[in-house]
Amino acid sequence: MRTAAAPKFYETKKFKDKVKQAIVFIVVLAGSVIVNSLVAYAFAKIRFKGRNTLFIVVLSTMLIPGFVTLVPQYILFSKLGWVNTYLPLIVPAFLGSAFFIFLLRQFMMTIPNELIEAAVLDGANHIQIWWHIMLPLTKPALITVAIFSFNGAWNDLLGPLLYLNDESLYTLQIGLQTFKGTVQTQWHYLMAMSVMVLLPVVLLFFFFQKHFIEGSNIATGTKG
């Protein structure tokens with residue numbers, strides 16, 4: 001009697017769960033870059049009534065500690081039925097970040113307004129200007145935001161620990177905690193996995209460090 005062949009690794013549920021987790025990080029990164037660059041473009045290049053006041057309000061949100069909004073946010077996501085899904089980890093990335101908006105706005109302020117005026121004369125709307133002019137010219141700042149976003153999502157422990165109950169949804173940061181016990185800690189496994197988890201962040205910075213440093217310097221008004 002022939003036995004069924006063992007499924008290949010890429011066909012297993014474990015592999016599919018890891019792919020879903022990777023997609024979460026990619027979506028968070030993309031959402032953070034797109035949304036924050038759109039808002040930053042509006043504050044930097046579009047003149048509208050109350051722009052400066054609204055920008056100050058956005059910056060003031062940086063003064064609110066994250067733990068203050070933790071309980072209301074959990075109650076909201078719970079009522080929406082998002083607990084034990086990746087949505088609480090993804091959706092906040094599409095709501096903007098005051099720090100990223102500030103960083104991108106400062107970079108966009110260095111771009112001459114004549115480019116925007118020339119594009120308007122050619123019939124381009126704000127979305128076209130943002131896509132074809134602002135994004136290519138703000139590449140260093142966008143890479144900086146992408147690195148910060150990926151690093152924040154990749155190293156986030158509190159979010160997955162709070163919203164994810166199913167072990168199949170656990171991220172690597174929670175997986176690291178399984179090597180710690182009340183009686184004994186498996187240090188050899190913990191150290192090995194810590195290096196593996198740290199590796200993507202190090203490689204990301206290594207390959208894009210030039211753009212990262214350039215984006216940080218120009219956005220903060222320093223030279224180096």
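Analyst: Helices are DSSP runs of H or I with at least four residues, strands are runs of E with at least two, and both are numbered from the N terminus. This model is predicted, so local features need pLDDT of at least 70 and side-chain atom pairs count only at pLDDT 80 or more, while totals for chains, interfaces and linings use all residues. Residues are numbered from 1 along each chain as its sequence is written, and side-chain values use heavy atoms, with hydrogens and water left out.

User: Thanks! How many helices and strands are there in the protein?

Analyst: There are 11 helices and zero strands. Along the sequence the pattern reads α-α-α-α-α-α-α-α-α-α-α.

User: Is α8 mostly covered or mostly uncovered?

Analyst: Start with the cut-offs: buried is under 20% relative accessible area, exposed is over 50%, and partly exposed is in between, using a 1.4 Å probe and protein chains only. In α8, 12 of the 16 residues are buried, so the helix is mostly covered. Among them are P140, L142, F150 and W154. For the protein, buried residues make up 33% of the 224 residues.

User: Where is the space in the largest pocket, and which residues are closest to its centre?

Analyst: Rolling a probe the size of a water molecule over the atoms shows where empty space is left. On a 1 Å grid over the protein atoms alone, a pocket is an open set of points where a 1.4 Å probe fits, with protein on both sides within 12 Å along at least five of seven lines, and lining residues have an atom within 4 Å of a point. Grid points are joined across faces, edges and corners, and the volume is the space filled by probe spheres set on them. Here the largest pocket holds about 1,300 Å³. It is lined by 39 residues, and Q73, P92, A93, G96 and S97 are the closest to its centre.

User: Which helix gives the largest share of that lining?

Analyst: That is α1, with five residues. Helices α3, α4, α5, α8 and α9 are also among those that each supply at least two. Ala, Val, Leu, Ile, Met, Phe, Trp, Tyr, Cys and Pro count as nonpolar, Asp, Glu, Lys and Arg as charged, and the others, Gly among them, as polar. By that sorting, the lining has 26 nonpolar, 12 polar and one charged residue.

User: Which residues does V24 touch?

Analyst: A contact means heavy atoms within 4.5 Å. V24 lies in α1 and is buried at 7% relative accessibility. Leaving out residues up to four places away in sequence, V24 touches Y86 and I90. V24 and A153 are 129 residues apart in sequence, yet their C-alpha atoms are 8.8 Å apart.

User: And is L38 buried or partly exposed?

Analyst: L38, also in α1, is partly exposed at 32% relative accessibility. With residues up to four places away not counted, L38 touches I127 and W130.
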